[in-house]
Amino acid sequence: DVGDGRLVHLLPSGAAPPPALSGLRYPGSVAIDRADRSIWVVEQDGDQVRRYTADGELAAVATVAMPSRVAVDPVTHQAWVTSYYGARVVRVAAGGALLDTVTACAGPIGVAVDAARRRVWVADGAADRVLALAVDGSVALSVSGQYGAREVAVDPASGEAWVTLGAGGAVTRLSADG
């Protein structure tokens, strides 16, 4: 709920059990660590990424300039955060420490972790491409011609990446090897 600056937990029935996470400055993206059910929230106007416990208690805060999206690595429990306006991808430890900054992107938006292949897919919308980063932050693959790449999701079984293309009005499917 961007207007109210809060994040609401919804049950499968659609009901919202209390408490909502409130006081957030434009919560633009959320990801959940399946192992401990902690919640990572990108606070775009607050230049922060927050990690909450499954009970809604604040566990960590990391400062990332103008963060866009977040994805959690289920192996390391670290978050990968994009910043479109900062033209970077940042890897954040569960405790909030900034571990790596990748500057190979012109304007990264969407991000997804392929845990099985140890890659992080990034939709680099400003460069009309999709990158697959190795978990050390190096560029493993670059797929051009992805006009207006915005969001990316990975099929955990096949490693295929699905990418929304805002400028092309389409969705593309990329093989695990690009």
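Since the model is predicted, local features need pLDDT of at least 70 and side-chain atom pairs count only at pLDDT 80 or more, while totals for chains, interfaces and linings use all residues. Residues are numbered from 1 along each chain as its sequence is written, and side-chain values use heavy atoms, with hydrogens and water left out.

Let's start with the sheet that holds β5. Four strands make an open sheet here, in the order β5-β6-β7-β8, with antiparallel pairing. When I say strand, I mean a DSSP run of E with at least two residues, numbered from the N terminus. And two strands count as paired if DSSP finds at least two bridges between them. The edges are β5 and β8, the latter being residues 98-102, and each of them pairs on one side only. Neighbouring strands in this sheet are turned by 20° against each other on average, direction ignored. That angle comes from lines fitted to C-alpha atoms, and angles run from 0 to 180 degrees between N-to-C directions.

Now, zoom in on β6. Which way do its residues point? A79, V81 and S83 go one way, W80 and T82 go the other, and all are buried. In other words, five of the five residues in β6 are buried. Buried here means under 20% relative accessible area, exposed means over 50%, and partly exposed is in between, using a 1.4 Å probe and protein chains only. As a general point, side chains in a regular strand alternate between the two faces of the sheet.

What about the partners of β6? On one side, β5 and β6 pair antiparallel over four bridges, and V72 sits opposite A79 in β6. On the other, five bridges join β6 to β7, again antiparallel, with V81 opposite V90 in β7.

A87 counts as partly exposed, because its relative accessibility is 23%.

On to the other sheet. Again we have four strands in an open, antiparallel sheet, this time in the order β9-β10-β11-β12. At the edges stand β9 (108-114) and β12 (139-144), and each has a single partner strand, so one side of each is left without a neighbour in the sheet. β9 pairs with β10, residues 119-124, in the antiparallel sense over five bridges, and V111 stands opposite V122 in β10.

This part of the chain has a positive phi too: D128, which is not a glycine, has a value of about 50°. You'll find D128 in the loop between β10 and β11 (129-134). D128 has 26% relative accessibility, so D128 counts as partly exposed.

Last topic: charges. How many salt bridges does a search of the whole structure find? Eight. The cut-off is a side-chain nitrogen of Lys or Arg within 4 Å of a carboxyl oxygen of Asp or Glu. I'll show three of them.

Take E151 and R69, where the closest N and O atoms are 2.7 Å apart. This pair links distant parts of the chain, with E151 in β13 (residues 149-154) and R69 in β5 (residues 69-72), 82 residues apart. E151 is partly exposed at 29% relative accessible area, whereas R69 is buried at 16%.

Then there's R118 with D73, with the closest N and O atoms 2.6 Å apart. This one also links distant parts of the chain: R118 is in the loop between β9 and β10, D73 is in the loop between β5 and β6, and 45 residues separate them. R118 is partly exposed at 25%, but D73 is buried at 1%.

And finally, R117 bridges to D114, at 2.9 Å between the closest N and O atoms. R117 is partly exposed, with a relative accessible area of 30%, while D114 is buried at 2% relative accessibility.
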